[in-house]
Amino acid sequence: MAALEQSSRVAAAPRRERPTPQVPVVELRHVTKRYEGGDVGLDDCSLAISRGEFVFIVGHSGSGKSTLMRLLMKETEPTEGIVRVAGRDLRDIGRRKVPYYRRNIGMVFQDFKLLPNRTVYDNVAYALQVTGSSRREIRTKVPDILRLTGLSTKLHNYPDQLSGGEQQRVAIARAFVNHPPLLLADEPTGNLDPETSIGIMQLLYRINRTGSTVIVATHDVAMVDKMRRRVIELQRGRVVRDQAAARYSGGEPNTAELGAILKEHLEL
Amino acid sequence: MKLGFFLKEALRSMRRNPIPSFAAMASVLVTLLVLGVFIPVVQATTGAANEVRDKVALEVYLKPDVTDAQIQRVRDRLVNETEHVESVRFVSKEEAYKRESKRNPEAYELLGSNPLPDSFRITPDDPDNIQAIRNALAPMTPSGERTVVDPAIDEVKNRKEETDKILTATHVVKLAMGVLCGLLIVASALLVSNTIRLSLFSRRREVEVMKLVGATDSFIRWPFVLEGVILGCLGGVLAILLLAVGKIAFVDPLAEDFALISAPETMSLPLLALLLMLAAIVVSALGSGLSLRRFLKV
Ligand SMILES: Nc1ncnc2c1ncn2[C@@H]1O[C@H](COP(=O)(O)OP(=O)(O)OP(=O)(O)O)[C@@H](O)[C@H]1O
Ligand SMILES: [Mg+2]
């Protein structure tokens, strides 16, 4: 975790402009997702998340957290309702444009989804290579993010030579190496001991501080309580609680404001 | 930069998936070996069939008491006025007697004298035209009998049964070889593309992840296609080397003894090698590119 503390690079990066609260980064309107077998992933789910927010999605296993993430990645299509990201209806994104859309989203998958034939370094570099980044850019950005996630000593290991927690951190590094404006983390602390979990959460928090919107799906109640951020609870695909918790630091948007914005959007 | 990157990706995946890569290369190799042996065999066989067909001939028997002038007249007619004639050879009584008595000495000894007439042996330009020549020299009368166009000609004959047998047999051989060759090529294409599809199938998760990380279809496809090209090349080169070694070690020494093997119409080895190589590369590159399409729909 020393590595995490060391690098103030991400935290010190210039703040992005304050959000225009009228356009939420993520907006779901009456979204229902039924899978082919008849399982309900999401059931008439509506929510809005503003730019720069840090949001926890909680709920029992099978409550639809990953389904929500998958919809945002345009990995599946909603059965009903509208999903908007940065004001754009995802249905309007054609098949050929999907890769370019996904490059704006960093996603930490619940099952990591690392590329088995690539080293830690190359896994993270791949996210830059797909965007056509120059070799120089890759050579500076990748070691940076790996230092930040405490993986500097594992650069040349393949995923099957890493512990679960290490794999998880590679997944986080890959998701964030592009500095995406929207970061989705599905169960990012699922395989980690409490201490490492705190490290990961601090990392996510730092990422959030640079202006990225961060959405974390988790079962980790202790973590959510400690972090005191906005919490959206799902139950069988429905939103049963949407609560702005205590303020964290002065620079963050006022939770009361957020609540107002939220209501505005939910009542539309 | 891009090509270099794709090439490196292709090499990496071969290094990290040696067994599927080896299977793909081996299927190309085996296929090419079989084709490389079979294609010359087909060519040699059809060549041999054609040679047999060339032995088909028409006999024009002359009357027993023809004069030299009459013989000359018939020869002129055959050479200059008859269509489809490739070549004409005069077989004199004496020559015919010598040949036949050698084949059947006792019978001819009993005879004592020479009963055989002078004759012309006509080789047609194409064996299938033999009947046309016969009709030209000995047209049918309305009553079903044959007349002759020249009074010096006694009879125009081909060994009908033999000719028919040879013609149908060679037709069948050629057809069978063609069908077999077609089947073999189809089977080869299926084998190679299936091997490629299987090896891709084991990597569909990887392709899925690449798409989720924001890779475009072509960014994912090129390394796979290059990998196909490289494996196809490797298999092709190995197959051609083995074929060359086989030809030099086994076929060439035998060729001196067996006419069939050195039949004139077999393709030259370099041309065959070039064709096989091209086929290997096209099939494996197309195979990987097309098989991938299904997995790109994420
Ligand atoms: N690909 C799929 N096909 C069919 N049903 C699915 C699929 N993915 C999820 N489901 C169903 O949708 C429901 C919600 O699943 P989801 O993965 O969103 O839950 P989750 O909240 O992420 O659970 P967990 O906390 O265990 O990860 C479940 O009942 C599940 O069975
Ligand atoms: Mg899940």
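This note sets out, point by point, how the predicted model is built.

1. **Overall make-up of chain A.** The secondary structure of chain A comes to 10 helices and 10 strands. Of the 268 residues in chain A, 42% are buried. Among contacts in chain A with a separation of 6 or more, 71% are between residues 24 or more positions apart.

2. **The four-stranded sheet.** In chain A, 4 strands form an open sheet in the order β2-β1-β4-β5, and the pairing is antiparallel. Strands β2 and β5 (88–89) of chain A are the edge strands, each pairing on one side only.

3. **The hairpin of β1 and β2.** Strand β1 (residues 26–34) of chain A runs antiparallel to strand β2 (residues 40–49) of chain A, and 6 bridges join them. As one landmark along this pair, A:K33 stands opposite A:L42 in β2(A). The two strands form a hairpin with 5 residues between them. In the turn, A:G38 has a positive phi of about 100°.

4. **The other neighbour of β1.** Strand β4 (residues 80–85) of chain A is also antiparallel to β1(A), and 5 bridges join the two. Two partners in β4(A) can be located: A:E80 is the bridge partner of A:T32, and A:V83 is that of A:L28.

5. **The six-stranded sheet.** A further open sheet in chain A has 6 strands, in the order β6-β7-β8-β3-β9-β10, with mixed pairing. Its edge strands are β6 (105–108) and β10 (238–243) of chain A, each of which pairs on one side only. From one strand to the next, the twist averages 15°. Within this sheet, strand β3 (residues 54–59) of chain A and strand β8 (residues 213–217) of chain A pair in the parallel sense over 4 bridges. In that pair, A:I215 of β8(A) is the bridge partner of A:V55.

6. **Helices on the six-stranded sheet.** Helix α3(A) packs on this sheet, where it touches β3, β6, β7 (182–186), β8 and β9 (230–235) of chain A. The direction of α3(A) makes about 150° with that of β7(A). Helix α7 (residues 164–176) of chain A packs on the sheet as well, touching β6 and β7 of chain A. The direction of α7(A) makes about 175° with that of β6(A).

7. Which strands of the four-stranded sheet does helix α3 (residues 65–72) of chain A lie across? They are β1, β2 and β4 of chain A, and the helix runs at about 115° to β1(A). Helix α3(A) also packs on the six-stranded sheet, as described in the previous point.

8. **Nonpolar cores.** The largest nonpolar core has 95 residues, and those that touch the most other members are A:I57, A:L72, A:M107, A:V124, A:A173 and A:L184. Helix α9 (residues 217–255) of chain B gives the most to this core, with 8 residues. Another core, of 14 residues, lies apart from it; B:L58, B:V74, B:F120 and B:I122 are among its members. As general background, nonpolar side chains tend to be buried together in soluble globular proteins.

9. **Contact between the chains.** In all, 14 residues of chain B are in contact with 15 residues of chain A. On the side of chain B that touches chain A, α1 (2–16) and α8 (204–212) of chain B each supply at least two residues. By class, that side of chain B has 7 nonpolar, 3 polar and 4 charged residues.

10. **The surroundings of ligand 1.** Ligand 1 is surrounded by 13 residues, the closest being A:Y35, A:S61, A:K65, A:S66 and A:T67. Helix α3(A) gives the most to this shell, with 3 residues. The shell divides into 1 nonpolar, 10 polar and 2 charged residues.

11. A:E187 is placed in the loop between β7 and α8 (194–209) of chain A. A:R236 lies in the loop between β9 and β10 of chain A.

Terms used:
Residues are numbered from 1 along each chain as its sequence is written. Chains are lettered from A and ligands numbered from 1 in the order in which they are written. This is a predicted model: local features need pLDDT of at least 70, side-chain atom pairs count only at pLDDT 80 or more; totals for chains, interfaces and linings use all residues. Two strands pair if DSSP finds at least two bridges between them. Two residues are in contact if their C-beta atoms, placed from the backbone, lie within 7 Å. Axes are lines fitted to C-alpha atoms, for helices over the stretch in contact, and angles run from 0 to 180 degrees between N-to-C directions. A nonpolar core is a set of buried Ala, Val, Leu, Ile, Met, Phe, Trp, Tyr and Cys residues joined through C-beta atoms within 7 Å. A residue is buried if 20 or more other C-beta atoms lie within 10 Å of its own, exposed if 12 or fewer, and partly exposed in between; C-beta atoms are placed from the backbone. Ala, Val, Leu, Ile, Met, Phe, Trp, Tyr, Cys and Pro count as nonpolar, Asp, Glu, Lys and Arg as charged, and the others, Gly among them, as polar. A residue is near a molecule or strand if its C-beta atom, placed from the backbone, lies within 6 Å of it.
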